[in-house]
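Here is a report on a protein–DNA model. Please read it with the structure open beside you.

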Number of protein chains: 2
Amino acid sequence: MKTVTVYDIAREANVSVATVSRVLNNTAPVKKATRDRIMELIHKHQFQPNALARSLLKKETGMIGIILPDITNPFFPAVLAGVEQEARSRGYTFFLCDTVSTNRDSADQYVRESQYLSLLMEKQVDGIIMIGGRINLARPDKEMVQEVVEAGKRVPILLLNGNLPGGGLYRIYTDETEGAELATQHLIELGHRDIAFVGGYRHMSNTIQRQQGFTKTMRRHGLQIRREWILDGGFSVESGKALMERLLRGSERPTAVFAPTTWWRSAH
Amino acid sequence: MKTVTVYDIAREANVSVATVSRVLNNTAPVKKATRDRIMELIHKHQFQPNALARSLLKKETGMIGIILPDITNPFFPAVLAGVEQEARSRGYTFFLCDTVSTNRDSADQYVRESQYLSLLMEKQVDGIIMIGGRINLARPDKEMVQEVVEAGKRVPILLLNGNLPGGGLYRIYTDETEGAELATQHLIELGHRDIAFVGGYRHMSNTIQRQQGFTKTMRRHGLQIRREWILDGGFSVESGKALMERLLRGSERPTAVFAPTTWWRSAH
DNA sequence: CTGAAAGCGCTTACAG
DNA sequence: CTGAAAGCGCTTACAG
C-alpha cells in the first residue's frame, strides 16, 4: 500500500505542500475554500501525517520513556496509571521498558537498564522516568551512576522513589525514614514491644532507610532490637513466607512484625 | 547542548557521512584505520544516531503499539510481560496505550481506543496489539469495527483474546466455550448439581461464550439452570462481592459457583 | 574501500 | 492568503 504524503494531497488540491501543512497544523490562516478542499482530500485518502518526519524537524516526539524493573509487580502499574493519565492529558505517550530478566540474573537487569537508556535517547524521547533498579541501590557502581548523569545532560530524567549521587536529575520521592518511624510508632502505641523487621534487601537504600527509621524509633522508646528479628530477603510473596516461617520457628516470638515492603503477589 | 550528527563525526574524521553510516551499521567493509578513527570519535562525542531519521528512511521503527484497557488490572501486565520478552529478543519495544477513563465513562474508553489507533499509525509503529475493549464486545458498533479493519490494511494488527468481524486482522485467542465446559464438567464430577454462574458482563463476548459452555454442559447432564443463579455485573472485586451477597441472600443456595472471570484486585 | 548526491516526509522562515 | 526552497539527520544506490 503506497502511503500518501503531503505532496500527494498538495498536488491533487493544486496547492503547495506548505499550504497543506498549514491546514494540518492550523498554523496560519488559509482561505476557507482551499482549506475545505484539502480537508476533503485528507479524509478521502485517510491521510495521516508521518510523526517521524515532524518530530525530526520539531525536535520533540511527545514520547516519554519509562524504565522499570517488572511490570507484573503491581506497584509499578499503579504508578504507571497515574503518570500516564497526567501525561496523556498533555499529549504524551509512554514508551515502556521492562528490565526484568527471565533468568533472574539481577546483574542482567542493570545491563538492560543501560541498553534502554541508550535506546530511548536514540528514539529521541522527550523525557525519561526511572523507577526501581539501580536508583534504589545503596552503593551503585560508579559507571552506573555516571551513565545516568551523562544521559541526564541530554534529556530530562526523573528518578521516582530513588536516588543517584550527582546532580542534574529530577526526583520525586517519599520519605522512607519518616514513614518507617510512623509505622513503628503506631505499633508501639498499640502496646507492642517485641517487634520484628522482616523483608526487603539489605543492599537497597529504601530498605536501609526504613530500617533506620525503625531502629531509631525503637531506641527512642527504649525498646530492644533483636538481631534475629531483623531479616531481609526480598520483596516477593515467596520470600515473605520463607522469612515469616523462619521468624516463627524461633523460641521467642515477636508480637508484631514490621514488613518494610508490600509483599506483592508474584505473577510467576 | 548542540547535538552531534554524522556530519560532525565525518568532518572530524575526514571522511564522508556515508562512511560514518557504514561503520555505524556495519553495512559495508571500511578500512580498519578509518573505522577505528570513527569509532573513537563516536565514543568521544557520545554520539547516538537519531532513530527518527533512520526510521523515516527505512520505514520501520522497531516499535509495537499495545492498546489495553487498564494496566492496573493484573491480567494485562501478565500478558504484557510475555509479549514484551519475546519482542525484546527481536529488538522491538512497546508503546503503551492505556485507555481506561478516569471518570469511569466507558464510552470514553472506545473513543480513546480510536485516538490511540491513529496516534500509533502516525508514529509509524511496526504493528499494533489490541487486547480488551471493543474487541470483546458482543455487538460492536459498525464504525468501531470499520476503523480497525481500515487500520489493519496499513499496519499489522493483532487481536489478543477477542475478535472483530471483517478480515485482515491477526488473532490469538483461547477457546472460551471449551474452557467453560471443562470447568463446569469439573464441578459436576465433584458431585455438584446446584451451580451458579456469577460475574462478567452480558454485553461481552467472552462472558457470553463462557455462559454458553456452562449452559451446554449443564443441559448435557440434565441439570437445571436457574435464572436467578445467573448473574452478571463486571470483573471487579467489588462487583464480585456484591453479586455473591445477592446470591447468598436467596432462599435456596447453590453448592458451587462458576465465576467466569478472575475477580481481579482493583487498585482503586 | 570511499564519496557525491538524492531522498525519506514533513515544517518554517522568507518573500510576495 | 500562498509558494519556492532549505533543512531536520540519516541511508543507499551509483560510480569510481
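## Thr34(B)

Thr34(B) counts as buried, because its relative accessibility is 10%. Buried means under 20% relative accessible area, exposed over 50%, and partly exposed in between (1.4 Å probe, protein chains only). Thr34(B) sits in helix α3 of chain B. Leaving aside residues up to four places away in sequence, Thr34(B) touches Val15(B) and Thr19(B). Contact here means heavy atoms within 4.5 Å.

## Ground rules

This is a predicted model: local features need pLDDT of at least 70, side-chain atom pairs count only at pLDDT 80 or more, and totals for chains, interfaces and linings use all residues. Side-chain values use heavy atoms, without hydrogens and water; residues are numbered from 1 along each chain as its sequence is written, while chains are lettered from A and ligands numbered from 1 in the order in which they are written.

## Helix α3 of chain B

Helix α3 of chain B covers residues 32–45, 14 residues in total. From its first C-alpha to its last it reaches 20 Å, close to the 20 Å expected at 1.5 Å a residue. The expected span is 1.5 Å times one less than the number of residues. Helices (H or I, at least four residues) and strands (E, at least two) are DSSP runs, numbered from the N terminus.

The buried residues of α3(B) are Thr34(B), Arg35(B), Ile38(B), Leu41(B) and Ile42(B). They cover an arc of only 125° around the axis, so they lie on the same side of α3(B). The arc is taken from the directions from the helix axis to the C-beta atoms. An α-helix has 3.6 residues a turn, so residues three or four places apart point the same way. The other side of α3(B) carries the exposed residues Lys32(B), Glu40(B), His43(B) and Lys44(B). Cover for the buried residues of α3(B) includes α1 (6–13) and α2 (17–25) of chain B. Just after α3(B), Gln46(B) has a positive phi of about 55°.

## DNA strand C

Of the atoms of DNA strand C within 4 Å of the protein, 64% belong to sugar or phosphate and the rest to bases.

Polar contacts are pairs of N or O atoms within 3.5 Å; within protein, one must be able to donate a hydrogen and the other to accept it, and residues adjacent in sequence count only if both atoms are side-chain atoms. A side-chain N or O atom of Arg22(B) is 2.5 Å from a base oxygen of DNA strand C. Ala53(A) places a polar backbone atom 3.5 Å from a base nitrogen of DNA strand C. Lys58(A) has a polar side-chain atom 3.5 Å from a phosphate oxygen of DNA strand C. The elements giving two or more residues to the surface near DNA strand C are α1 (6–13), α2 (17–25) and α4 (51–58) of chain A, together with α2 and α4 (51–58) of chain B.

## DNA strand D

Around DNA strand D there are 29 residues, of which Thr19(A), Arg22(A), Pro29(A), Ser21(B) and Leu57(B) come nearest. Sugar or phosphate accounts for 64% of the atoms of DNA strand D within 4 Å of the protein, and bases for the rest.

A polar side-chain atom of Ser21(B) is 2.7 Å from a phosphate oxygen of DNA strand D. For Asn50(B), a polar backbone atom lies 3.2 Å from a phosphate oxygen of DNA strand D. Lys59(A) has a side-chain N or O atom 3.0 Å from a sugar or linking oxygen of DNA strand D. At least two residues of the surface near DNA strand D come from each of α2 and α4 of chain A and α1, α2 and α4 of chain B.

## Two chains, one axis

A rotation of 180° with 0.0 Å of shift along its axis superposes chain A on chain B, with an RMSD of 0.1 Å. That is the relation of a two-fold axis. The same surface serves both copies: 100% of the contact residues of chain A recur in chain B. The superposition is by least squares on the C-alpha atoms of residues with pLDDT of at least 70 in both copies. In chain A, Phe95(A) comes closest to the rotation axis, with its C-alpha at 2.4 Å.

Definitions and conventions:
Near = heavy atom within 4 Å.
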